[in-house]
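I'll jot down what I look up as I go.

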Amino acid sequence: VWYGGLLFAMVSFTGGCDEPVLVLGRYVMKTGDVLGEGRSSICRKATCTKTGNTVVVKTYKPRDKKSTELMFRRQVEVLQALALPFEKPDDQRLWHPDFMNADPSDFFMALIDFSGDANGAPSLDPVHKCYFVVTEFAQYSLKDYVRHSVDSQTVNDVQSMAVAILRVVSALHAKGLVHLDLKPANLMLFNGKLKLIDVDGCVRAGSRLFKQDRSISYSLSHCSPEWAQFVCGKPSAGPAPESVDVVPGLDAWSVGIIICELALGCSPLARDFIRISAQKSYQAGKHDCLCWLSTLQKVMLPADINLNYMLRDIVQTQLLVPLSKRTTVAECLSRHCLEGAGTWPIVFASVSLQKGVFSKWRFPKWRHLRRRKKADCHEGPTRLRSLFLRKSLSWPGTNSSSARSSLITPPVLTA
């Protein structure tokens with residue numbers, strides 16, 4: 001009965017009707033105004049009737065009752081905890097002096113409202129029978145930034161964004177949490193400030209995860225070899241383990257991959273993922289990619305990667321195997337070469353993302369890769385292919401580099 005009622009409510013939110021809907025008594029949104037959709041939730045643009053501000057309403061999809069409620073409650077609890085002042089953790093390797101007087105709102109998106117009961121506790125909305133979380137509105141994601149500016153960035157531009165990423169992730173670790181699903185789509189720019197989103201999958205560092213937990217998401221192109229071993233095991237070591245220890249080093253790998261993406265426009269492992277998943281179904285290709293990743297011992301960076309020697313060294317320390325060899329993100333941030341790389345918070349220049357220009361181009365379709373699931377594999381193999389091939393494609397009637405460069409203003413540091 002619970003699932004049927006929630007499914008009916010979700011169908012009404014995802015149908016063809018685009019009439020304004022009043023949520024939580026004060027937020028007006030249109031069901032067709034979708035900003036993003038994942039495996040577990042849908043985010044829509046809305047307007048607060050009391051303040052007139054633009055906000056984001058996140059609606060959780062009807063999965064099984066236990067996992068849906070768990071993700072909703074975890075999202076609210078984590079965002080509330082992240083809004084509290086910083087406290088120095090017991091592990092000094094996770095701490096950076098910048099956090100002493102820092103405002104948490106410079107690192108994490110703000111929680112504005114959520115569906116609750118009469119006592120204010122997070123619960124099912126009695127009107128729409130859905131779980132709602134309302135947060136501040138972001139202009140664009142790091143994924144959009146990488147896609148539109150990779151050919152126009154300088155080495156200094158990459159360093160500025162890389163430092164912002166290191167600060168955001170190290171701030172999360174200083175709070176004692178591990179994200180487990182770091183990727184460009186989960187790093188958003190709010191009025192020029194880079195912040196972390198999708199924290200409903202965050203887990204307390206030092207805890208243990210079991211395969212029965214269905215509330216945790218991950219991305220194939222950004223997960224670590226240790227996570228791949230947990231999911232599918234090593235081909236030569238028998239079945240996969242039933243649990244995995246949650247440590248910041250799992251996020252450190254993702255940070256290294258993301259910084260490489262800033263410079264390359266795609267993951268440094270994209271070529272291998274494409275080769276392994278060729279001529280296979282989505283599930284078979286994903287499984288084979290995870291098995292290959294679980295045995296990975298070293299990542300070879302391209303010789304012409306757009307990173308200076310400082311960032312190259314940092315990336316290489318984040319992409320070490322095994323996990324015990326990786327330095328913490330805060331330790332990378334504390335290196336002398338990055339000290340004084342701009343005062344915090346770093347505010348990036350506004351960006352004009354003219355998506356209509358980019359939507360005119362259609363990449364070739366591969367028959368065996370038409371199914372796309374963005375939840376488990378960030379962008380899916382099709383997206384990995386299109387990113388990998390970007391340098392060999394030209395824009396219709398224009399020069400590729402000049403067309404891209406005119407669409408975005410490189411980020412600049414403000415005093």
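**Entry 1: a serine in a loop**

Where is Ser-207 found? I looked it up: Ser-207 sits in the loop between β11 (203–204) and β12 (208–210). Before going on, I noted that this is a predicted model, where local features need pLDDT of at least 70, side-chain atom pairs count only at pLDDT 80 or more, and totals for chains, interfaces and linings use all residues. Residues are numbered from 1 along each chain as its sequence is written, and side-chain values use heavy atoms, with hydrogens and water left out.

The strand and helix names come from DSSP runs (helices are H or I with at least four residues, strands are E with at least two), numbered from the N terminus.

Buried or exposed, or something in between: which is Ser-207? Its relative accessible area is 24%, so I wrote down "partly exposed" for Ser-207. The cut-offs are under 20% for buried, over 50% for exposed, and partly exposed in between (1.4 Å probe, protein chains only).

Then I checked what Ser-207 touches. Leaving aside neighbours within four places in sequence, Ser-207 is in contact (heavy atoms within 4.5 Å) with Val-244, Asp-245 and Val-246. Ser-207 and Asp-245 are 38 residues apart in sequence, yet their C-alpha atoms are 6.1 Å apart in space.

**Entry 2: the lysine in the record**

I checked UniProt next. An unreviewed entry there lists Lys-58 under "binding site". I reminded myself that UniProt positions follow the numbering used here, that feature names are shortened, and that annotations may be inferred rather than shown by experiment.

Lys-58 is placed in strand β4 (residues 54–60). I get 5% relative accessibility for Lys-58, so it counts as buried. Which residues does Lys-58 contact, leaving aside those within four places in sequence? I found Ser-41, Ile-42, Cys-43, Gln-75, Tyr-131, Phe-132, Val-133, Asp-198 and Asp-200.

I went to strand β1 (residues 20–23) and strand β2 (residues 27–37), which pair in the antiparallel sense over four bridges. To count as a pair, two strands need at least two bridges found by DSSP. Val-23 stands opposite Tyr-27 in β2.

β1 and β2 make a hairpin with three residues between them. Leu-24 lies in that loop, and its phi is near 55°, a positive value in a residue other than glycine. Leu-24 has 22% relative accessibility, so I logged it as partly exposed.

β2 also pairs with strand β3 (residues 41–48), again in the antiparallel sense, over six bridges. Here Met-29 stands opposite Ala-46 in β3. β2 and β3 form a hairpin too, with three residues between them.

**Entry 3: an open sheet**

In what order do the three strands of the open sheet come? I read it as β7-β9-β10, with antiparallel pairing. β7 (140–141) and β10 (193–196) are at the edges with a single partner strand each, so one side of each has no neighbour in the sheet.

β7 and strand β9 (residues 187–190) run antiparallel and are joined by two bridges. I picked out Ser-141, whose bridge partner in β9 is Met-188.

**Entry 4: two helices**

I looked at helix α3 (residues 142–149) and helix α6 (residues 249–264), which pack at an angle of about 30° with their axes 8 Å apart. Axes are lines fitted to C-alpha atoms, for helices over the stretch in contact, and angles run from 0 to 180 degrees between N-to-C directions. That makes α3 roughly parallel to α6, a label for angles under 35 degrees. Leu-142, Tyr-145 and Val-146 of α3 make the contact with Ile-258, Glu-261 and Leu-262 of α6.

I noted a cis peptide bond from Val-321 to Pro-322, with omega near 5°. Pro-322 lies in the loop between α9 (309–318) and α10 (329–333).

Gln-279 has phi near 60°, a positive value in a residue other than glycine. I found Gln-279 in the loop between α7 (270–277) and α8 (282–294). Gln-279 is exposed, with a relative accessible area of 60%.

**Entry 5: the whole protein**

Last, I took the totals. I have 13 helices and 13 strands on the page. Of the 415 residues, 53% are buried.

Conventions
Angles under 35 degrees count as roughly parallel, over 145 as roughly antiparallel, 65 to 115 as roughly perpendicular and the rest as oblique.
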